[in-house]
Amino acid sequence: MPELPEVEVVRRGVERWVVGRTVESVQVFDARSLRRHTAGVLDFQEGLTGLDVDSAQRRGKFLWLPVRAPSESDPSRALLVHLGMSGQLLVASADQPAPRHERIRLRLSPARGDDGVPLPEQARFVDQRIFGGMLLDPLVPSSDGRGTVPEHAAHIARDPLDPLFDVDAFHAALRRRRTGLKRALLDQGLISGIGNIYADEALWAARLHWAAPTETMTAPRTRELVEACQEVMRRALDAGGTSFDSLYVNVNGESGYFARSLNAYGREGEPCHRCEAAGLDGVIVREKFANRSSYRCSRCQKKPRRARP
């Protein structure tokens with residue numbers, strides 16, 4: 001599942017290649033990728049054609065493109081893109097072969113880059129497993145009163161890299177949850193953009209066990225955890241995201257390389273880098289967590305006495 005860094009890498013690509021252009025036509029090859037757009041395929045095509053892409057925005061794992069008609073001064077709708085498990089948003093020239101699992105294609109108005117070279121004229125939504133999709137959604141005020149968000153993303157909390165993320169408010173909400181730390185980090189209504197991989201990496205960086213009770217967190221420890229989340233995600237962004245197979249790529253079809261820098265996730269039985277550097281014998285262990293797995297160091301992420309299952 002793409003997490004915040006992967007979606008942010010795609011957002012940056014869309015911002016470079018698509019923003020400022022007009023959607024000239026829309027082709028839908030598989031209506032299942034529009035199941036969230038309940039008005040149907042024709043409404044989606046007619047509603048999006050002729051609109052200008054105003055910007056590329058993201059909250060957590062949700063990516064959207066505010067769009068406006070030529071007669072509008074500000075966008076009132078957004079093209080919401082959910083990548084799901086295997087969704088890809090690719091830019092391509094018309095002469096490039098169609099990908100096997102292409103579901104939706106947008107033809108964009110002609111444009112040139114800063115170097116004068118023509119930009120690719122198509123944006124292609126590719127999704128092997130069809131868990132993702134697109135939706136033309138009205139923009140509504142954000143729950144905190146700052147800015148607008150698509151209606152279907154209004155329930156999503158701000159993410160750790162958002163300049164408006166409120167650490168104090170997050171700490172208060174975290175203590176009220178009365179659950180395990182990792183379960184709280186995966187709650188998109190509490191803090192968005194963090195999935196299984198980066199939760200394990202942030203907890204490792206903060207030396208916290210995934211089952212530590214949220215109500216025992218102090219304000220300084222919460223701040224350390226948020227800073228660990230931010231650092232892990234920034235490093236992942238620098239590496240272009242995490243790719244374990246061909247399903248996650250950026251808009252140019254390139255894979256990320258952060259998987260090579262993981263400290264906990266997927267390293268069962270290997271030495272803990274931190275312990276090894278200190279001459280200690282910590283090892284990464286894998287434990288069951290909510291039908292998935294959690295990875296932690298056996299030494300520097302000790303299980304608390306009041307651990308929550």
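Predicted model: local features only at pLDDT ≥ 70, side-chain atom pairs only at ≥ 80, totals over all residues.
Q: Why is Gln230 called buried?
A: The relative accessibility of Gln230 is 16%, and buried means under 20%, so Gln230, which is found in helix α6 (residues 219-238), counts as buried.

Q: What makes the pair formed by the side chain of Gln230 and the backbone oxygen of Pro160 a polar contact?
A: A polar atom of the Gln230 side chain lies 2.9 Å from the backbone oxygen of Pro160, and the cut-off for such a pair of N or O atoms is within 3.5 Å. Not counting residues up to four places away in sequence, Gln230 touches Pro160 and also Leu161.

Q: Why does Leu4 count as buried?
A: Leu4, a residue of helix α1 (residues 4-17), has a relative accessibility of 0%, and because the term applies under 20%, Leu4 counts as buried.

Q: Which residues is Leu4 in contact with, leaving aside neighbours within four places in sequence?
A: The partners of Leu4 include Pro160 and Leu161, together with Arg58, Gly60, Lys61, Asp159, Ser192, Gly193 and Met233.

Q: What makes the lining of the largest cavity nonpolar?
A: The residues that line the largest cavity are Val14, Val18, Leu65, Leu79, Val81, Leu89, Leu106, Ala123 and Met134; Ala, Val, Leu and Met are among the types that count as nonpolar, so the lining has nine nonpolar, no polar and no charged residues. This cavity has a volume of about 50 Å³, and the search of the whole structure finds three cavities of 30 Å³ or more.

How values were computed: Residues numbered from 1 in each chain as written. Heavy atoms only, no water. Helix = DSSP H or I, 4+ residues; strand = E, 2+ residues; numbered from the N terminus. Buried < 20%, exposed > 50% of the residue type's maximum accessible area, 1.4 Å probe, protein only. Polar contact = N/O pair within 3.5 Å; in protein donor to acceptor, adjacent residues only side chain to side chain. Contact = heavy atoms within 4.5 Å. 1 Å grid on protein atoms, 1.4 Å probe; cavity = no way out; pocket = protein on both sides within 12 Å on 5 of 7 lines; lining within 4 Å. Points joined across faces, edges and corners; volume = space filled by probe spheres on them.
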